Amino acid sequence: MIRNLDKADCKLLLNQNYIGHLGYIYKNRPYVIPITYFYKDDRIICYSGEGHKIDAMRKHAPITLEVSNITSVNHWQSIAVHGRYEEFEGSEAKALLHDFSLGIKDIILNKEHRDLNFISEFSAKIAKNDIPIVFIINIEEITGKMRRK
């Protein structure tokens with residue numbers, strides 16, 4: 001049976017994962033791409049290099065993040081987070097990246113029981129001010145479905 005997830009279940013799914021699919025509009029076409037994210041304080045922290053995705057979101061701020069946990073065709077959860085793109089710079093961007101890197105490390109250690117060398121490389125980049133574009137998704141609505149059979 002398929003049923004709706006309540007807000008607490010939706011937030012739990014966001015908290016327990018770090019990879020989702022970002023949906024945005026570019027030149028009147030929808031795009032969906034995988035992205036790493038960190039959910040904290042009712043907002044979603046992300047980062048990216050300059051390019052197509054950032055250009056698109058700067059022009060059209062409404063975006064969606066889809067996150068799923070799929071075990072089988074009869075056992076899954078999926079949520080859609082609708083919100084708005086907001087970009088950060090300077091010390092605010094650095095602080096968000098710090099939260100992002102620590103949060104992702106904890107999730108991966110807890111979920112996958114493995115250590116991450118890339119986090120120290122990531123932190124070294126931040127220390128050198130080689131900061132990527134940091135943005136958040138300001139959440140406006142979260143909806144979700146699940147199936148358990």
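Guide: Let me begin with a definition: rings of Phe, Tyr and Trp (its six-membered ring) pair if their centres lie within 6.5 Å, and planes under 30 degrees apart count as stacked, over 60 as edge-to-face and the rest as tilted. By that rule the structure holds 4 aromatic pairs. This is a predicted model, in which local features need pLDDT of at least 70 and side-chain atom pairs count only at pLDDT 80 or more, while totals for chains, interfaces and linings use all residues. Residues are numbered from 1 along each chain as its sequence is written, and side-chain values use heavy atoms, with hydrogens and water left out.

Visitor: What makes the pair of Y24 and Y31 stacked?

Guide: The ring centres of Y24 and Y31 are 5.7 Å apart and the planes stand at 10°, so the pair is stacked. Y24, Y26 and Y31 also form one aromatic cluster.

Visitor: Why is Y24 called buried, and what does Y31 count as?

Guide: Buried means under 20% relative accessible area, exposed over 50%, and partly exposed in between (1.4 Å probe, protein chains only). Y24 has a relative accessible area of 4% and is therefore buried, whereas Y31, at 29%, counts as partly exposed.

Visitor: Why is the pair of Y47 and F100 called edge-to-face?

Guide: The centres of the Y47 and F100 rings are 5.2 Å apart and their planes are at 90°, so the pair is edge-to-face. Y47 lies in strand β5 and F100 in helix α3 (residues 90-112), so this pair ties together parts that are 53 residues apart in sequence; helices (H or I, at least four residues) and strands (E, at least two) are DSSP runs, numbered from the N terminus. Y47 counts as partly exposed because its relative accessibility is 29%, while F100 is buried, with a relative accessible area of 3%.

Visitor: How do you know that the buried residues of α1 are on the same side of it?

Guide: In α1, C10, L13 and L14 are buried. They cover an arc of only 100° around the axis (the arc of the directions from the helix axis to the C-beta atoms), which puts them on the same side of α1. What covers these buried residues includes β4 (38-40), β5, β6, β7 and β8.

Visitor: Which residues touch the most other members of the largest nonpolar core?

Guide: A nonpolar core is a set of buried Ala, Val, Leu, Ile, Met, Phe, Trp, Tyr and Cys residues joined through side-chain atoms within 4.5 Å. Of the 27 residues in the largest one, L14, I44, L65 and I79 touch the most other members, and β8 gives the most to this core, with 5 residues. Apart from it lies another core, of 13 residues, among them L96, L97, F100 and V134.

Visitor: Why does N17 count as buried?

Guide: N17, whose place is in the loop between α1 and β2, counts as buried because its relative accessibility is 7%. Not counting residues up to four places away in sequence, N17 touches Y37, V67, I107 and K111, where contact means heavy atoms within 4.5 Å.

Visitor: How many disulfides are there?

Guide: A disulfide is a pair of cysteine sulfur atoms within 2.5 Å, and by this rule the count comes to 0. C10 counts as buried at 1% relative accessibility, and C46 counts as buried at 1% too.
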